[in-house]
Amino acid sequence: MTTHGGFEPVFCTIVPPHVLDKLAQAEDPVLAGPARRTLQRDAYERTQRRLTTVIGATAVASVADGKPQRTIHDARHGTDLPGHKVRGEGDAPGKDATVNRAYAGLGATFELFLKAYGRDSIDGDGLPLDATVHYDRDYNNAFWNGEQMVFGDGDGEIFLDFTIPIDVIGHELAHGVTQYTANLTYFGQPGALNESLSDVFGALIKQYTLGQTAAEADWLIGAGLLAPRVTGKALRSMKEPGTAYDDDVLGKDPQPATMDDFVRTGRDNGGVHINSGIPNHAFYLAATALGGHAWERAGQVWYDVLTGGELKQQAMFVDFATLTVKAARERFGEGEELDAVSKAWEQVGVRTL
């Protein structure tokens, strides 16, 4: 298995089911068809993930040497994983830009976790990073299946190539980090925290790669992914949850920024991609209050909580918030870091114990 300590990996996609559901209802079959097929494929892959968890998977050897071990495969628009190997670690870039972006994104993710937090790959022990591109036809998603990354090419109408935004790559790989650490349950508030942590580290990987400060960053998740016809700028906004898109076909971004607008729903595993806007916004507020590079202080606090061993699988927002206050105090003392983190949670309406 690719898990430690009995952890159960989950199937995590970057495009929320509620977005695909809305798209699948479009009158235009050019838009609805790919969305419906994507939902069907996601349901199949989710079932396969559960079966693999039950019966076990081939063990993957890790080598903790502080260097990435990347392998990119090409599904050639099929669905058999991992597909045909097209680039290994150290190989020169080829002509396929999608392959090159996937390779670079895996490397950027590896570098942030190693350089900023001393973590050797997503499991902390040098786990090889595998990815498959050109998955299926008009596949409108990217996912982490507990073992590897998979990228669709998009339908070209609503979504473009899913390797374009580096934060999408970082987001999905960060699900692997959560899998190997806190292993947050993928439902309700714990699931929203799971999604938020992936958005946080996806954003930090993007900012790290671009050398941006918190003030310079756009705090968007999936910028560049939406096709020109879509009225929107990204999948989510950490700066202004609920404003990423407002489109005739996709509808309006449903993310809340504070607990006042918390969404109670049985869909999307209890709204994991929706209510993640609340902890997302808390991180944005803490990071921008502190200024500088967000991965250095705010990111360090969030990483300390994720990997510290005290975050329970069923953690609620209040539990996570309380641990970030504790982590800020333990790492930085009674200074501006503690103040920024405490005020951020207060602003989004999450109390700390």
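Predicted model: local features only at pLDDT ≥ 70, side-chain atom pairs only at ≥ 80, totals over all residues.
I started with the aromatic cluster: W219, F283, Y284, W302, F320 and W345 come together as one group.

Next I looked up how many aromatic pairs a search of the whole structure turns up, and it gives 19. I picked out F11 and F143: their ring centres are 4.7 Å apart and the planes meet at 45°, so I wrote this pair down as tilted.

F11 is in the segment before β1 (12-13), while F143 belongs to strand β5 (residues 142-144).

Buried or exposed, I wondered about F11? F11 is buried, at a relative accessible area of 5%. F143 is buried as well, with a value of 0%.

I went on to F159 and F162. Their ring centres lie 5.7 Å apart with planes at 40°, so that pair is tilted too. F159 has a relative accessible area of 0% and is buried; F162 is also buried, at 0%.

Then came charges over rings, at Y103. The charged end of R70 sits over the Y103 ring, 3.7 Å from its centre. R87 lies over the face of Y103 too, 3.6 Å from the ring centre.

Last, I looked at the record. UniProt, in an unreviewed entry, puts "domain: Peptidase M4" at residues 81-179. In the model, the end C-alpha atoms of that span are 20 Å apart, and I noted 35% helix and 16% strand for it.

Note on methods:
Residues numbered from 1 in each chain as written. Heavy atoms only, no water. UniProt positions renumbered as here; feature names shortened; annotations may be inferred. Helix = DSSP H or I, 4+ residues; strand = E, 2+ residues; numbered from the N terminus. Phe/Tyr/Trp six-rings, centres within 6.5 Å; stacked < 30°, edge-to-face > 60°. Buried < 20%, exposed > 50% of the residue type's maximum accessible area, 1.4 Å probe, protein only. Lys NZ or Arg CZ within 6 Å of the ring centre and 35° of its normal.
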